[in-house]
Amino acid sequence: MKFTTALAAASLLISNAFAAPSQVHISLGGSVDESGASSGMYVMWKTDDQPTSTVKYGFSEDDLSNTITGSSKNYLNKHGYHHTALIENLSCDVSKVFYQVGDPADGFSEIFTFKRAPCAKSNTKFSISIFGDMGYLDSDLRPPKIPHGDEPYHGLNKVWSATYSRNMLESLKDNGEIDWVFHVGDIGYVDDSFASAPLKFTYEPVYDGYMSWIQNLTSTMPYMVSPGNHESECHSPICIAQELKYGRHLRNFTAFNERWTMPSKESGGSRDTNMWYSFNYGSVHFVSINTETDWDGAEEQETGDSHIPWLKAGGFGEDGEFLTWLEADLAAAYADKKAGGRKWIIAAGHRPYSTIQEMKIEGLFIKYEVDVYFAGHSHSYSRTTSTTKPVYIVAGGAGCDEMGPSKDDLLLGPVGGDLIESDKYSTGVLDVSDEKLSWRLIDSIDGSVIDSVDIA
Ligand SMILES: *[C@@H]1O[C@H](CO)[C@@H](O)[C@H](O)[C@H]1NC(C)=O
Ligand SMILES: *[C@@H]1O[C@H](CO)[C@@H](O)[C@H](O)[C@H]1NC(C)=O
Ligand SMILES: *[C@@H]1O[C@H](CO)[C@@H](O)[C@H](O)[C@H]1NC(C)=O
Ligand SMILES: [Fe+2]
């Protein structure tokens with residue numbers, strides 16, 4: 001009797017531990033309110049072996065009486081279920097939403113809270129952190145094992161850290177200095193993760209690790225993402241050697257599109273993927289562009305980042321669909337701005353200015369008065385100092401496996417333009433009001449302000 005009870009208790013513990021939802025993250029979405037802002041929030045999480053998806057939510061911690069059923073996907077056999085549910089049609093007077101995720105049979109997560117997007121086109125103030133290219137942990141905790149001299153090996157550095165920027169983000173959150181986060185591609189560098197265990201399958205475990213590491217941020221504030229080249233595939237030795245088991249399931253931005261849900265459907269963007277989309281928040285129209293596929297000359301339009309012929313990628317829309325959408329989206333935002341609506345248009349995408357030129361969309365940015373374009377890809381910081389818009393900002397110095405000890409590929413503004421540059425580990429913050437966009441770049445190690453500018 002005793003034995004059976006103990007056994008039952010133990011198996012209960014084990015099954016709970018196994019089923020515990022993890023990697024909880026949210027993003028703006030759902031139908032828009034009268035101001036054009038998202039009235040809801042996508043809630044996403046992972047379980048190891050529970051495919052059903054339930055969110056319980058309410059407006060105080062002790063009343064989670066609303067229930068939503070979501071859906072889940074398993075894109076790689078034996079690597080768990082990725083869940084998505086949409087909390088929708090939150091009224092404008094809702095200030096805080098309390099929620100938990102899980103399943104009635106296996107249990108729920110702890111209770112998290114988030115704020116609904118402001119229901120207005122003006123008179124709103126908010127702050128976000130924007131950056132690209134953040135890796136997972138650092139080279140002390142995940143030492144690279146493949147040969148290194150003094151030179152980086154295939155771009156992989158011996159000594160690097162994303163921990164400083166992660167800690168900076170945590171303290172910005174704790175101090176109430178940011179309302180949400182925009183990560184413009186290269187999320188966790190999971191395709192480089194084999195560096196610390198060259199013969200193991202690390203892609204999914206490291207993605208899981210990254211998502212848990214950022215959960216404090218992502219479960220309590222929208223974490224919006226754009227596709228970067230490091231999202232395109234797994235090209236580690238084991239993913240290539242065991243193509244049927246791994247490689248083919250992880251090519252074509254699969255993990256990126258299955259783990260995250262951005263408001264693409266809502267904005268007429270890339271349908272069921274996160275490759276391009278837009279959304280409004282307070283006085284800003286944000287547009288997330290696709291620098292990786294779906295335009296002539298896009299780097300991953302035929303094959304992924306390693307260009308191994310059978311790891312195919314690209315084609316998220318019909319020919320020309322993305323750029324046609326982009327122009328229409330910018331034109332609508334511009335018309336709204338001219339009619340006294342949202343004051344600012346902010347574009348963001350993974351690759352910097354030279355790619356905007358290759359895409360031939362520089363003219364669109366000028367015509368529709370985009371105020372700023374944020375990018376990453378270069379593992380450093382640069383900003384154009386000219387007063388002409390858009391201002392081009394590369395915020396790629398969050399820290400990653402490929403971030404060198406010195407500047408790499410800077411010079412990303414218009415040719416001949418003056419630039420401010422930095423090769424420090426850094427975290428960017430944008431404070432938005434009706435009067436101005438105030439940008440500052442913070443040194444992730446000592447907290448000092450490296451660069452700041454007001455865009456009015
Ligand atoms: C939310 O509102 C939209 C637009 O009014 C409607 O189509 C949709 O069914 C609503 N969703 C829910 C869950 O009530
Ligand atoms: C997340 O929050 C918990 C509880 O405050 C804290 O112990 C943990 O260190 C935080 N994680 C990170 C990565 O900052
Ligand atoms: C990549 O995924 C998209 C969206 O599912 C699909 O339309 C496209 O055909 C895929 N590309 C390749 C090369 O498989
Ligand atoms: Fe990149």
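Mentor: Helices (H or I, at least four residues) and strands (E, at least two) are DSSP runs, numbered from the N terminus. Before we use that, note that this is a predicted model, where local features need pLDDT of at least 70, side-chain atom pairs count only at pLDDT 80 or more, and totals for chains, interfaces and linings use all residues. Residues are numbered from 1 along each chain as its sequence is written, chains are lettered from A and ligands numbered from 1 in the order in which they are written, and side-chain values use heavy atoms, with hydrogens and water left out.

Trainee: Okay, so where does Pro 390 sit?
Mentor: Pro 390 is in the loop between strand S19 (381-384) and strand S20 (391-395). Now the backbone: most peptide bonds are trans, and most residues other than glycine have a negative phi. Lys 389 and Pro 390 are joined by a cis peptide bond, with omega about 0°.

Trainee: Which residue other than glycine has a positive phi near 60°?
Mentor: That's Lys 360. Lys 360 lies in the loop between helix H9 (353-358) and helix H10 (362-367). His 377 also isn't a glycine and has a positive phi, about 75°; His 377 is in the loop between strand S18 (372-375) and S19.

Trainee: Are those two buried or exposed?
Mentor: Cut-offs before the answer: buried means under 20% relative accessible area, exposed over 50%, and partly exposed in between (1.4 Å probe, protein chains only). Lys 360 has a relative accessible area of 71%, so it is exposed. His 377 comes out at 23%, so it counts as partly exposed.

Trainee: What does the side chain of Asp 208 make a polar contact with?
Mentor: A polar contact is a pair of N or O atoms within 3.5 Å; within protein, one must be able to donate a hydrogen and the other to accept it, and residues adjacent in sequence count only if both atoms are side-chain atoms. The partner of Asp 208 is the side chain of Lys 46, at 2.8 Å. Asp 208 belongs to helix H3 (residues 203-213), and it is buried because its relative accessible area is 16%. For plain contact (heavy atoms within 4.5 Å), Asp 208 touches Gln 23, Lys 46 and Arg 259, not counting residues up to four places away in sequence.

Trainee: And which residues does Asp 329 contact?
Mentor: Leaving aside neighbours within four places in sequence, Asp 329 is in contact with Ser 278, His 285 and Val 287. Asp 329 is in helix H8 (residues 321-338), and at 10% relative accessibility it counts as buried.

Trainee: How much space lies in the largest pocket?
Mentor: The search uses a 1 Å grid over the protein atoms alone: a cavity is a set of points where a 1.4 Å probe fits but cannot get out, a pocket is an open set with protein on both sides within 12 Å along at least five of seven lines, and lining residues have an atom within 4 Å of a point. Grid points are joined across faces, edges and corners, and a volume is the space filled by probe spheres set on the points. The largest pocket holds about 420 Å³. Of its 21 lining residues, the closest to its centre are Lys 73, Asn 257, Glu 258, Thr 261 and Asp 272. Strand S5 (71-73), strand S6 (81-87) and helix H7 (254-259) each supply at least two residues of that lining.

Trainee: How many cavities of 30 Å³ or more are there?
Mentor: There are 3, and the largest cavity has a volume of about 50 Å³. Its lining includes Arg 142, Trp 160 and Asp 401.

Trainee: Last one: which residues are around ligand 2?
Mentor: Here a residue is near a molecule or strand if one of its heavy atoms lies within 4 Å of it. Around ligand 2 are Arg 166, Glu 170, Trp 213 and Asn 216. An N or O atom in the side chain of Asn 216 is 2.3 Å from an oxygen atom of ligand 2.
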